[in-house]
Amino acid sequence: MDVTPGHPAPADHPASADHPALSAQLGEVAFGHFYASALRAVVVHRVADHLAGGPLQPDELARRAGNLHGPTLRRVLRLLATRGVFREDEQGAFELTPVAALLRTDVPDSAHAGMVWLTDAVFRRSAEGLEDALRTGAVPFHTVYGMPFFDYLQANADAQRLFDTGMANMSGPEDELIAEAYEFPATGTVVDVGGGRGGLVRAVLSRNPGLTGVLFDQEQTVAAHLLDAGESAKEIAGRWRTDAGSFFDAVTPGGDLYLLKHILHDWNDEECVRILRAIRAAIPPGGKLLAVDAVLPAGNEPHFAKELDVIMLALVTGRERTEQEFRALLGEAGFRLDRIIPTPGFASIIEAVPV
Ligand SMILES: C[S@@+](CC[C@H](N)C(=O)[O-])C[C@H]1O[C@@H](n2cnc3c(N)ncnc32)[C@H](O)[C@@H]1O
């Protein structure tokens, strides 16, 4: 065997003392889908809601959650408790942890709708398709569902609602971080392109009383906007409007700041350039574009961008990108990447100007 001096020997025959730990590490990765399925089971049955008053024995919890099977619930909760979702006490009762409390449907920061979406069959079935995708390079979602992801949503009102609700739910905390992390101008108009139900427009306008906003998205998404809902509804009243269309054709012209949050990662380079060119045609000189996405770091450390990238691989034509890749993409559409502003979340704000 040819072993380069200074490098460890190939790990194809790990020392026997290491073997149990190494194979447990592999098993942990292989087992991942059981965690997702266990989470889905308790999310769908809204188990966390019934623990709001304190710990309960599994049989009682099962009864209150709608005559579930107590012994099965106990085993599922015991698994989730190993990941900090629920906790079993010395008497065998289960209680909420701070993570599990987010699964309650009746709290303002509830993550319930997001988890219903993230554990949906759309993700599981698409993930199963990765095995074939390694051979074909095709997008698993297209293969399983027979059409591109966003076409499927458009053709299925229930799936569209689930997606829009889940996206708005997951984006809520992030929208606040982004609105906080960027120094917005005192006056002007922000146009959120592909802005979903309007969470980011709401967060930006409520912090910046001199700004007006436009929520731009597809007809069916804009129709279900939440700009007039929640605590900030009064503060931002009269300062926003909606506009519907396809960002591949044209977007609302004349904005001072264009926002593009978690859009570029949905599409391949060619599709991204079409979206960016539509914004380039609409943006006045002196305008700015803020693309918000994860920026892929180098190296092997865990980063949510790497998980998101494989989700994109399974569902859509898009991908997460490195700084260099964003720079090239923006350059091709007539923008110059000026700076990257980190946020306390996983995404960064990529600021670009028309050139
Ligand atoms: C991943 S979501 C991001 C939503 C929002 N920006 C957020 O961060 O929560 C992608 C959005 O792109 C919108 N979208 C997809 N295709 C579109 C198109 N052709 N024109 C305009 N919007 C589109 C979807 O309706 C959806 O709201």
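In this predicted model, helix α15 (residues 269–282) and helix α17 (residues 323–332) bring their axes within 9 Å of each other and cross at roughly 50°. That angle makes α15 oblique to α17, and the crossing is right-handed. On the α15 side, the contact is formed by D269, C272, V273 and L276, which meet L329, L330 and E332 in α17. By class, the residues of this contact comprise five nonpolar and two charged, with no polar ones.

A further helix pair is found in α11 (residues 157–181) and α12 (residues 199–207), whose axes come within 8 Å and cross at roughly 30°. Since angles under 35 degrees count as roughly parallel, α11 and α12 are therefore roughly parallel to each other. Their crossing is right-handed. Here A168, S171, G172, D175, E176, I178 and A179 of α11 face a set in α12 made up of G199, L200, A203, V204 and R207, with which they are in contact. Six nonpolar, three polar and three charged residues make up this contact of α11 with α12.

At the level of the whole protein chain, the domain assignment gives domain 1 (32–110) and domain 2 (170–354). The centres of domain 1 and domain 2, taken over C-alpha atoms, are separated by 35 Å.

Key: Residues numbered from 1 in each chain as written. Predicted model: local features only at pLDDT ≥ 70, side-chain atom pairs only at ≥ 80, totals over all residues. Axes fitted to C-alpha atoms, helices over the stretch in contact; angles between N-to-C directions. Helix = DSSP H or I, 4+ residues; strand = E, 2+ residues; numbered from the N terminus. Parallel < 35°, antiparallel > 145°, perpendicular 65-115°, else oblique. Left-handed = near helix turned anticlockwise from the far one by under 90°. Contact = placed C-beta atoms within 7 Å. Nonpolar A, V, L, I, M, F, W, Y, C, P; charged D, E, K, R; others polar. Domains from an automatic or database assignment.
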